[in-house]
Amino acid sequence: MKTKKLINSGADAVDEMLQGILAAHPRHLYAVEDMPRAIIARDGPRRGKVGLVIGGGSGHEPTFLGFVGKGLADAAAIGNVFASPPPDPIIACAMAVDGGVGVLFMYGNYAGDVMNFDMAAEMLALDEIEVRTVLTTDDVASAPADQRDKRRGVAGNVFIFKAAGAACDLLYSFDDVERAARHANARTYTMGVALSPCSLPQTLRPNFLIGQGEMEIGMGIHGEPGVAREPLKPADAVTDELMDSILREMKADRGDRVAVLVNSLGSTPMMELYIMMRRVKSRLDDAGLILHTSLVGNYCTSLEMAGASITVMHLDDELQRLIDHPCDCAMFAR
C-alpha cells in the first residue's frame with residue numbers, strides 16, 4: 001500500500017524543497033550560483049573566521065538546512081533523501097565560506113558522507129584550503145561505549161553543531177574550534193524510539209515494517225535496526241528506558257548542568273513530546289542534575305516516521321557559554 005505525500009514527483013522533491021526554503025528565508029540563505037545543493041549563510045562567513053560546513057542527506061529537516069546562519073553553520077551541502085551529498089556541493093560550500101584560516105567539516109558518521117566529504121577535502125587541499133573533520137557520534141544505541149567512533153550521528157547534531165558554530169563565531173583558532181567540536185561531541189548522548197516507518201518520496205512505500213503494538217528502541221534515522229523490539233509501553237516507561245541508557249553512560253555528578261532535546265522523528269506531535277519532557281525533567285531532578293537548556297520539537301526528523309529521541313549534553317562552563325551564544329538561522333535562533 002502506497003503512502004500519501006504532498007509532492008509533485010519523487011525525483012524533484014529535494015530540489016523543489018530547496019527552492020521553497022530559499023524563497024521563505026532569503027534573509028538567511030542563498031545558494032551558490034549553478035550549485036543549488038550548496039546553501040550558504042548570508043550573515044556568518046567572514047575573513048579570519050573558521051568556516052563551518054555541515055551536511056548530509058535530505059529528509060531530516062530542519063537538520064541540516066535549518067541550522068545555517070550567523071552563529072551556527074556557515075553552509076550546508078545537501079544530498080538526496082537519506083543519501084550523502086556528492087563532493088561538488090561540498091567543495092562549493094567550503095570555497096564560499098573560507099575565511100583564510102581553515103574550514104571545519106561536521107556531519108554524522110555514515111560511510112557515504114565520510115567518503116564524499118573526505119574526497120572533497122582532498123580536492124580542496126589542492127587549492128590550499130585546509131579542511132579538518134569532526135564526525136558526530138552521539139547515538140548511544142549504535143555501538144558500545146568503548147567503540148564510540150563507530151556510532152552514528154543523530155539528533156545530538158543540534159547541540160554539537162551549535163557549540164562548534166559558536167566557537168567559530170567567537171573567532172576561536174582552528175585548533176580550538178576543532179577541540180571544542182570534539183569536546184561537544186564527546187559529551188552528547190542520544191537514544192531514540194521508533195513507532196512506525198517513514199516512506200521515501202521515490203517509492204511511497206514504508207522503508208521497514210513494525211507491528212501495530214510494537215516499538216523499536218534505538219532505531220536509526222534512516223531505519224537502521226535498533227537494539228530491541230518490544231511491545232509499546234506508556235510514555236513514562238519509554239522515556240525511562242531511553243534515559244536509563246543515557247544517564248548510565250554519562251556518569252554525571254549531582255549538581256552538574258545539562259542541555260536536553262526531546263525531538264520528534266517526524267510525525268510525533270508536540271503533546272507527546274511534552275509528556276516525555278515532563279518525565280525527563282523528573283528523572284533529571286531525581287539524579288540531582290540542573291536543566292540549563294531545553295528544546296522540544298522537530299529538530300532532526302526522518303520524514304514522517306513516528307517516534308522520538310532524547311538528547312542530553314553534559315555541560316561544563318565552556319559548553320554552556322557556547323550553547324548560550326546567540327545564533328540566527330532560518331529555522332533556529334537563540
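Author: Happy to, starting with the sheet. An open sheet of six strands has mixed pairing, where strands count as paired if DSSP finds at least two bridges between them. Helices (H or I, at least four residues) and strands (E, at least two) are DSSP runs numbered from the N terminus. The strand order is β1-β2-β5-β3-β6-β7.

Reader: Before going on, what kind of model is this?

Author: Residues are numbered from 1 along each chain as its sequence is written, and side-chain values use heavy atoms, leaving out hydrogens and water. Local features need pLDDT of at least 70, side-chain atom pairs count only at pLDDT 80 or more, and totals for chains, interfaces and linings use all residues, since the model is predicted.

Reader: Which are the edge strands of the sheet?

Author: Look for strands that pair on one side only. In this sheet, those are β1 (29-32) and β7 (131-136).

Reader: Which residue in β2 stands opposite Leu29?

Author: Four bridges join β1 to β2 (residues 35-41), and the two run antiparallel. They form a hairpin with two residues between them, and Asp34 in the turn has a positive phi of about 65°. Ala31 stands opposite Ile39 in β2. For Leu29, the residue opposite is Ala41.

Reader: At what angle does α4 run to β3?

Author: Helix α4 (residues 157-169) lies across β3 (51-58), β6 (103-108) and β7. Axes are lines fitted to C-alpha atoms, for helices over the stretch in contact, and angles run from 0 to 180 degrees between N-to-C directions. On that scale, α4 to β3 comes out at about 155°.

Reader: And which strands does α5 touch?

Author: Helix α5 (residues 174-186) packs on the sheet, and its direction makes about 10° with that of β7. Contact here means heavy atoms within 4.5 Å. The strands touched are β6 and β7.

Reader: How is α5 oriented against α8?

Author: The axes of α5 and α8 (residues 317-324) come within 11 Å and cross at roughly 100°. Angles of 65 to 115 degrees count as roughly perpendicular. So α5 to α8 is roughly perpendicular.

Reader: Which residues of α8 make that contact?

Author: From α5, the contact uses Arg179, Ala180, His183 and Ala184. On the α8 side, the residues are Glu318, Leu319 and Leu322.

Terms used. Angles under 35 degrees count as roughly parallel, over 145 as roughly antiparallel, 65 to 115 as roughly perpendicular and the rest as oblique.
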